[in-house]
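Thanks for making the time this morning. I would like to walk you through one model, starting with its surface and ending with a few side chains, so please have a look at it first.

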Amino acid sequence: MLKSKWLAAMLTAGLMLPALADDDENEGLEHLQLPQVSNKNWKTECASCHMAYPPGLLPARSWQKMMQGLDKHFGQNAELDAPTAADIGQFLQATAADSKGRYRVAEIAAAIPAGSTPLRISETRYFRELHHELRADVFRRKSIGSAGNCVACHRGAEAGNFDEHQVRIPR
């Protein structure tokens, strides 16, 4: 329990530091944000239905499982042609939480047990610990829709910016 609270405190501090510094002081702190990554097919295909979630929010095994089940993607058929699926799959694997990356990505990966393959970011311990103060009904508001709609509250979510000082929870 103490380790869990320590991890949550460190992650929260990491979310807050960039907001406390101005641009000049922020130099060298970029490791506290999720890496900004991009892939044309990922952006086109995934963002056509929902936010293109930063791959660093889940481990490679989760993205692999998700890509293998696109015919039943959260109740929808999101199948892709083989070359597009392969391109997106390789991109997600290379930039996942457990890929070699920045500090924040390693912390997210460490918060997901090795035997766990979450498909929803909102079901990870990392997410739950950072959102513990919000009641479940907040996510069900018409203006938010679900815990998976990051951009409803985190304006910079698509760019990997989840700075809590920029959060605006809609009514």
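Predicted model: local features only at pLDDT ≥ 70, side-chain atom pairs only at ≥ 80, totals over all residues.

Residues are numbered from 1 along each chain as its sequence is written, and side-chain values use heavy atoms, with hydrogens and water left out.

The chain has seven helices and zero strands, where helices (H or I, at least four residues) and strands (E, at least two) are DSSP runs numbered from the N terminus. Of its 171 residues, 38% count as buried, meaning under 20% relative accessible area, as against over 50% for exposed and in between for partly exposed, with a 1.4 Å probe and protein chains only. If we take contacts (heavy atoms within 4.5 Å) between residues at least 6 apart in sequence, 62% of them join residues at least 24 apart.

Now to the rings. The whole structure holds two aromatic pairs; rings of Phe, Tyr and Trp (its six-membered ring) pair if their centres lie within 6.5 Å, and planes under 30 degrees apart count as stacked, over 60 as edge-to-face and the rest as tilted. W42 and F91 have ring centres 5.0 Å apart and planes at 45°, so this pair is tilted. It links distant parts of the chain, since W42 sits in helix α2 (residues 40-46) and F91 in helix α4 (residues 82-95), 49 residues apart. W42 is buried at 3% relative accessibility, and F91 is buried at 9%.

The other pair is F127 with F139, also tilted because the planes meet at 40°, with centres 6.1 Å apart. F127 belongs to helix α6 (residues 125-130) and F139 to helix α7 (residues 136-139), so the pair ties together parts 12 residues apart in sequence.

Finally, which residues does L92 touch, leaving aside those up to four places away in sequence? L92, which is found in helix α4, touches W42, P55, W63 and M67. L92 counts as buried, at 3% relative accessibility.
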